[in-house]
There are 2 protein chains.
Amino acid sequence: MSKQRLKSRRQFLQGTALSSVFLGFSLPVKAQSSLTELQQILPESMLKPGANFSNYGQPSIYEKDIIRWISANPNVPGNGVSWTPLEELQGTITPNGLHYERHHNGVPDINPSTHEIMIDGLVDTPLTFSIDALKRYPQTTKICFIECGGNSNAGWRSSPIQSAAGYVHGLVSNAEWTGVPLKLLLNECGVQPRAKWAIAEAADGAALNVSVPIEKLMNYAILALYQNGERLRPENGYPVRLLLPGWEGIVNVKWLRQLTLVEEPAMTRDETAQYTDLLPSGKARQFSFPMQAKSLITSPSVGMTLPDNPGIYQVTGLAWSGNGKISKVDVSADGGKTWVEAELQAPILDKAFTRFSLPWQWQGQYAVLQSRATDETGYQQPTREALITERGDNSFFHYNAIVSWEVNEDGQISHIYL
Amino acid sequence: MSKQRLKSRRQFLQGTALSSVFLGFSLPVKAQSSLTELQQILPESMLKPGANFSNYGQPSIYEKDIIRWISANPNVPGNGVSWTPLEELQGTITPNGLHYERHHNGVPDINPSTHEIMIDGLVDTPLTFSIDALKRYPQTTKICFIECGGNSNAGWRSSPIQSAAGYVHGLVSNAEWTGVPLKLLLNECGVQPRAKWAIAEAADGAALNVSVPIEKLMNYAILALYQNGERLRPENGYPVRLLLPGWEGIVNVKWLRQLTLVEEPAMTRDETAQYTDLLPSGKARQFSFPMQAKSLITSPSVGMTLPDNPGIYQVTGLAWSGNGKISKVDVSADGGKTWVEAELQAPILDKAFTRFSLPWQWQGQYAVLQSRATDETGYQQPTREALITERGDNSFFHYNAIVSWEVNEDGQISHIYL
């Protein structure tokens, strides 16, 4: 069964120029063997009954290496992250088993039958809401990403990290969230005019708490109970999380137990010592809630090697913006000298992952692949140089610069800075 | 901690009429206790670190009963179904662990590194494609439902079954599928003009095979490799399935190994002995591929009991059509005498689950809840009576009539025929 795959493509490519060329979508890759080369033997899977039905399905054993990589602080129980393997996924939904994690003190065990959310502070009537009560309210559904403010922070390092794309940029995931519009509960409590912020507290060991402007809570917040159709996963806030579409992960408070309405932000640890950016001026950027437009080529990407058969490759990746819809993604194969607009997969949704793709012809030439997102506000993802000019080099959070993948003549892909 | 929940709602309702009333969406349910009733004690989850990070997440232990129920034939290994618990889910995406199953001979174990798809028959060049080769082709993504042709077939019985909604209607699920447009491969093989059908065969123990018109394959078929972002689940066709959006499940062939292009359908077992409908005329309806528009109220639904606190309930459910987008869902609380248009959750997608909802005021009166879907072709979901008039009572498949949930004065919900 010798497989002379791609022979005809090699022949086809002998007639083409050496420069990288973007081609129309209709041109298929030739990757085949002829039928005459085949042995007509039934595969083993057809010779016996298969496995039984299951009450709750799991991934194939052949995909057991497609996991969240864990980076945890050994000195603090449950402090760290696990990363979504973005370079292994397709489409836009992140399956629940692979949604990224960021915990400050682990995943609490919360019995939904006793958990309550309390809304107090500057309200006319402080109220509590059980999970059963929340389930009776009108539910709304939103497909959106959640991104940790610390995602991609290796980009601030002086030299480019060579970890897989998801291990650097995978603190972002995209899911269909369903829950109760928070304004229904706030209106029921009666928000007093002096209330401008709320302190949101989690029922975890870290007693994580952050301040959120009341305007966002009233107009966009969802008390999420469901994630991709089923109840939230424990590591994503079971039994209830605060969802603030487009805003950095930390304020999408998991295991939510309390919202205290106040006049001023509380200046908690997680909005002062963390998730702020020290600027060249010496002042710190704080409460920079919306995650700015960003994109990433997930395939091909760092650590991959293009097969030894030059030809047409799909360049594909993800773009997202905390300020609205993605309007455009440009792709470059020459490190940003020239750009071609990629195709965006419909439907393009507000504050959600948008998949882009573009066929790319590679025949062994040196190349630097980049993607650049533009959102509907007109904001364009900056170069690394522009981002550092604006923010300096003391930052640790909110890195959204263009990522560069270098392809060498052997098809090996590295992360570089330009 | 006495919880005087809903007292204020009961007072509110004393002034309202006894008939069922639909209300605007902005009216919140009053379900609360006052802060003064609360004990200010930290929950146990805050007194210790939580659980560790995980490589692949699982549902909460408190949701362990949210599973696919299995109905299998004990005399045939791996022949049967497992049902999506629709009445327990929200939003529109079915999480991969709960996607319904229909197998004829179990779930085969297929190594993706050796699996191939062969396209032969009336083509210029028969070709085979490995999974690695397929991954290099342009990918397209489609959010759509797949529904077994036998879904809801208990509706053909002479008396209404009292099983949970998902245990009768849950052979339908909705996911984001990603894979290769089949036309790219067909064009590469060169489809001969005489080819009007293809016989699609699975690599399972049943050697399941069906005939599919070439026109659908050329224009709409996807060789799906990914399901909700990650690689297909084994029970959903790993490593590759044929996706024919909107068409009955059986032709969305899982574990696809071969497409043989032919002039006429092969009249296989699964398109003659099954998935056909014997009509009153004595003739059988065959190759009725698109699943007709359908809807179902998932909550409240059969087997549930409304709590002993009359008031406002969210009536919510799912609608879908194999012929396009859902344009409208009407809801009735009086067994179809009067209808109110429900709100549809955006985005409304072609051949995909559409969530509808409507607040409903119930104060202990007898009611019969129904939903009725209309799709963009103008087709409206029929009453049970109309469906039986058209199809007779010898049918077993393709049941899409309006479902009636009877609510008695105690809030107990039963399935009835009207």
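This is a predicted model: local features need pLDDT of at least 70, side-chain atom pairs count only at pLDDT 80 or more; totals for chains, interfaces and linings use all residues.

Biologist: What rotation superposes chain B on chain A?
Modeller: A rotation of 180° does so, with 0.0 Å of shift along its axis and an RMSD of 0.0 Å. The two copies are thus related as by a two-fold rotation axis.

Biologist: Which C-alpha of chain B is nearest the axis?
Modeller: That of Pro95(B), which is 3.7 Å from the axis.

Biologist: Why do the copies meet through the same surface?
Modeller: Because 100% of the interface residues of chain B are also interface residues in chain A.

Biologist: Turning to records, which domain does UniProt list for residues 104–266 of chain A?
Modeller: The unreviewed UniProt entry lists "Oxidoreductase molybdopterin-binding" there. Over residues 104–266 of chain A, the chain is 16% helix and 35% strand.

Biologist: Now to strand 23 of chain B: how many of its residues are buried?
Modeller: Nine of its nine residues, 354–362, are buried.

Biologist: Which residues lie on each side of strand 23 of chain B?
Modeller: In a regular strand the side chains alternate between the two faces of the sheet. Here, Thr354(B), Phe356(B), Leu358(B), Trp360(B) and Trp362(B) are on one side, with Arg355(B), Ser357(B), Pro359(B) and Gln361(B) on the other.

Biologist: Which residue of strand 23 of chain B is the bridge partner of Gly317(B)?
Modeller: Phe356(B) is that partner. Strand 19 of chain B, residues 311–320, pairs with strand 23 of chain B in the antiparallel sense over nine bridges.

Terms used: Residues are numbered from 1 along each chain as its sequence is written. Chains are lettered from A and ligands numbered from 1 in the order in which they are written. Side-chain values use heavy atoms; hydrogens and water are left out. Copies are superposed by least squares on the C-alpha atoms of residues with pLDDT of at least 70 in both. Contact means heavy atoms within 4.5 Å. UniProt positions are given in the numbering used here, feature names are shortened, and annotations may be inferred rather than shown by experiment. Helices (H or I, at least four residues) and strands (E, at least two) are DSSP runs, numbered from the N terminus. Buried means under 20% relative accessible area, exposed over 50%, partly exposed in between (1.4 Å probe, protein chains only). Two strands pair if DSSP finds at least two bridges between them.
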